Structures are given as structure tokens and as C-alpha cells.
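User: I am new to this structure and would like to learn how to read its charged pairs. Please begin with the general idea and then turn to a case.

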Amino acid sequence: MTGNIWDASADVAIVIPTNVGWKHNGENVMGRGVARQAATRYWALAEGYGYWCKAEGDRLYERVEGDGRRLICFPVKPLALNPSMSWQQPADLHLLERSAVALAALSHRSVWLPLVGCGNGGLNPADVLPILERLLDDRFTLVELSTAPTCRRHDPYATTGGDAEPVMPDANGS
């Protein structure tokens, strides 16, 4: 389907492609794409996932937000030698496949996911789609984003759409 992944009803879990790493303050770097959108909407996500990465490594991280939204952080980029630089790694097909196996084992009735690893991760959709098609059943809906995900800060009090500059981590991952 094509559209906005955030238009899913509250009972649909949303998959967020992520890296396995953390900044000096412990937060995961969520600076682009659906990850950035999620971190903007749910301010505690980056901190929670960063601490999870430190403790659990490259495993799925699931949380339920205050509005009832289920989020599933789906690792596609491996841990770098310097954890604050993991976001710069290319996505890894083996990690993506392990994450997809773990995702398929969850008992959710409905899960929406973007084409994981193919945005900032740099993977070719022709390599990723066969893995997802083989491992995921009809509970999973692949959402082709209707527009490129934005990396803009969202001001919930603004009367117009957020026009802030893109927010990206610096070279130290802060």
C-alpha cells in the first residue's frame, strides 16, 4: 500500500527501521526517515531504545506509547566500533533477516512497516523484498511511503506545518 505510515489505526503496530547504537547521552540516533518521525512524535523513544541497545544489542525493541501506539524498533544497521556512529553504517541483510524472523514471531494481528533498510540504509529493494515476502505473513503490510520522510522538528503548538530545519546528529552522534 502507498501512504503515510502514521495514518494506521491505533491497534496497528508500526515498525521503525533503526541502527544499533547510542549517543554519549545514551539515546539512540534516530535522525532520518521513519525513525526520525517516530522520535519526533514520541520523545522518550530514542532514550529507551538507546539503553535497550546497550543492554540487549541487536534485538527488536517494542514499546507501547501513552496514546496506545505500539512501536517496534527493527535493527537493520549493526553496532559500529564507536556506538555513536552506528547510524552511518550501511544496513546489513543478515541483521535485517534476523530482525524479520523475530518480527514474524510476534503475536500482533496487524503490523505496518516501511521497506526496511532501503532508505538511509542503502539496501536494494530487490534484495530486501524476497526476505520479507518469505518470512512475513498476511498480518504484515508493507507501506510504500507516499512522500520522502521528513527530518524536521515538529512543534505541536505551531499553527502551521513545522518549517524548522532538518535535525541530524553531528559527527559525534549528538
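Analyst: Side chains of opposite charge can pair when their charged atoms come close. A salt bridge is counted when a side-chain nitrogen of Lys or Arg lies within 4 Å of a carboxyl oxygen of Asp or Glu. Here the side chains of Arg109 and Asp11 form such a bridge, with an N to O distance of 4.0 Å. Arg109 belongs to the loop between α3 (93-105) and β5 (111-113) and Asp11 to the loop between β1 (2-3) and β2 (13-19), so the pair ties together parts 98 residues apart in sequence. Helices (H or I, at least four residues) and strands (E, at least two) are DSSP runs, numbered from the N terminus.

This is a predicted model: local features need pLDDT of at least 70, side-chain atom pairs count only at pLDDT 80 or more, and totals for chains, interfaces and linings use all residues. Residues are numbered from 1 along each chain as its sequence is written, and side-chain values use heavy atoms, leaving out hydrogens and water.

User: Is Arg109 buried or exposed?

Analyst: Buried means under 20% relative accessible area, exposed over 50%, and partly exposed in between (1.4 Å probe, protein chains only). Arg109 counts as exposed because its relative accessibility is 70%.

User: How many salt bridges does the structure hold?

Analyst: The structure holds eight. Among them is the one between Glu62 and Arg70, at 3.5 Å from N to O. Glu62 is partly exposed at 32% relative accessibility, and Arg70 is partly exposed at 33%. Another joins Asp137 to Arg139, whose closest N and O atoms are 3.0 Å apart.
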